[in-house]
Amino acid sequence: PIEGKEITLCKPNGREVEPGEVGEMVVRSRFIATGYWNRREKQNRRFKVDPSDPAFTIYYTGDLARQLPNGHFIHLERKDHCIKIRGFLVDLLEIESVIKETPGVADAKAISYRENQIPRVAAFLISQGNESGRTEDVFSHLRNRLPDYMVPARIEWLEQFPVLPNQKTDRTSLRRIVEAKTKSSLLEEPEAEPLEEGSHPGLVA
């Protein structure tokens, strides 16, 4: 925690999320600037006066995060669907647009996730009609159109995307799918065989 500042995760309606859920990082403090210079429209979206104490300003960062049990926050992505991969700003909507150009793909959603604390991109695809898409074709198309840091680390095919009550894609559920599969693959890795006495890894007799 930072002295003089409170950080919470909020839903679009302004209410705090449940433990473990993804929400927008919101900062409350009396030491925050009151707005942007000459950017009134953006200022009105991001900066609010705390109704319970006008001396405090509430700042909506636009960053989506999840809080861990130890109180630390994991940054996931921006609300504008931009994330940083290897220092580069990556637009997830641009990745989705390029994927949709691939024959056999009807729709696509790209989300960010973390594997071993490293930010990565996963893509979820829906096949076009009875035409079954091929993962290899999608990867090949992406590698020809995008820099390598924008190519998703994982591609998953679904019959349909999970949706929220407002019918928007539930990206949090998509992230949970890939995180569960990532954890599962780590658990399924075979244990290394014990070395025979007198042997050394990497040496061949």
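**Bridges, pairs and cores: a dialogue**

Tutor: Let's start at β7, where Phe 88 stands opposite Ile 85. Keep in mind that this is a predicted model.

Student: What makes β6 and β7 a pair?

Tutor: Two strands pair if DSSP finds at least two bridges between them. β6 and β7 (residues 88-91) have four bridges, in the antiparallel sense, so they meet that cut-off.

Student: How many residues lie between the strands of that hairpin?

Tutor: Two, and in this hairpin Arg 86 takes a positive phi near 55 degrees.

Student: Moving on to charges, why is the contact of Asp 50 with Arg 28 called a salt bridge?

Tutor: The closest N and O atoms of Asp 50 and Arg 28 are 2.3 Å apart. The cut-off is 4 Å between a side-chain nitrogen of Lys or Arg and a carboxyl oxygen of Asp or Glu, so this pair qualifies. Arg 28 is in strand β2 (residues 22-29) and Asp 50 in the loop between β3 (47-49) and β4 (57-67), so the pair ties together parts 22 residues apart in sequence. Glu 6 joins Arg 28 and Asp 50 in one network, through salt bridges that share partners.

Student: How do you know that Asp 50 counts as buried?

Tutor: Its relative accessibility is 5%. Buried means under 20%, so Asp 50 counts as buried.

Student: And what makes Glu 156 buried?

Tutor: Glu 156 has a relative accessible area of 13%, under the 20% limit, so it is buried too. Its side chain meets that of Arg 154 in a salt bridge, at 3.4 Å from N to O.

Student: Which parts of the chain does the pair of Glu 96 and Arg 171 link?

Tutor: Distant ones: Glu 96 is in helix α2 and Arg 171 in helix α4 (residues 171-187), 75 residues apart. Their closest N and O atoms are 3.0 Å apart, so the pair is within 4 Å and counts as a salt bridge. Glu 96 and Arg 171 are both buried. In total, the structure holds eleven salt bridges.

Student: Which residues of the largest nonpolar core touch the most other members?

Tutor: Ile 95, Ile 99, Leu 125 and Leu 142, out of 21 residues in this core. Helix α2 gives the largest share, four residues. Another core lies apart from this one, with eight residues including Tyr 113 and Leu 174.

Student: Beyond four places in sequence, what is Leu 125 in contact with?

Tutor: Its contacts include Ile 99, Val 105, Val 138, Trp 157 and Phe 161. Glu 156 is also one of them.

Note on methods:
Residues are numbered from 1 along each chain as its sequence is written. This is a predicted model: local features need pLDDT of at least 70, side-chain atom pairs count only at pLDDT 80 or more; totals for chains, interfaces and linings use all residues. Side-chain values use heavy atoms; hydrogens and water are left out. A nonpolar core is a set of buried Ala, Val, Leu, Ile, Met, Phe, Trp, Tyr and Cys residues joined through side-chain atoms within 4.5 Å. Buried means under 20% relative accessible area, exposed over 50%, partly exposed in between (1.4 Å probe, protein chains only). Contact means heavy atoms within 4.5 Å.
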